[in-house]
Amino acid sequence: MDSPTDEQPEHPSQDPALQRSTVARDIARERVGKVMDYMHGLYYLRPLEGGKEWSAEHHELTPIPLSEALRGTVADVNQRHRRSGH
């Protein structure tokens, strides 16, 4: 039997582009998170800044580069900083 590689999904129906630690955009919930697990046909994601996991179906997720995901976070921090006057 072949051993798993980075190219093969951990589960037969799992998308290889959405392996654990992949950053993905959940288009249904307008959220970005890191894939934590895949079970029973659902992906489980956690916000990049930490917090409660949520589940999503494959068709709701799009893998994105970490740099793209962080752009929104940096923009939010900058906006809060400007509003606070610091």
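Two rings of Phe, Tyr or Trp (for Trp, its six-membered ring) are said to pair if their centres lie within 6.5 Å, and planes under 30 degrees apart count as stacked, over 60 as edge-to-face and the rest as tilted. The structure holds 1 aromatic pair. The ring centres of Tyr-38 and Tyr-43 are 4.6 Å apart and the ring planes stand at 55°, so this pair is tilted. Both Tyr-38 and Tyr-43 are buried, where buried means under 20% relative accessible area, exposed over 50% and partly exposed in between, with a 1.4 Å probe and protein chains only.

This is a predicted model, in which local features need pLDDT of at least 70 and side-chain atom pairs count only at pLDDT 80 or more, while totals for chains, interfaces and linings use all residues. Residues are numbered from 1 along each chain as its sequence is written, and side-chain values use heavy atoms, with hydrogens and water left out.

Strands (E, at least two residues) and helices (H or I, at least four) are DSSP runs numbered from the N terminus, and two strands pair if DSSP finds at least two bridges between them.

| Strands | Sense | Bridges |
|---|---|---|
| E2 (residues 31-39) and E3 | antiparallel | 6 bridges |
| E3 and E4 (residues 54-56) | antiparallel | 3 bridges |

Val-35 has Leu-45 in E3 as its bridge partner, whereas Tyr-43 is partnered by Ala-56 in E4. In a regular strand the side chains alternate between the two faces of the sheet. Strand E3 (residues 42-47) has Tyr-43, Leu-45 and Pro-47 on its covered face, and Leu-42, Tyr-44 and Arg-46 on its uncovered one.
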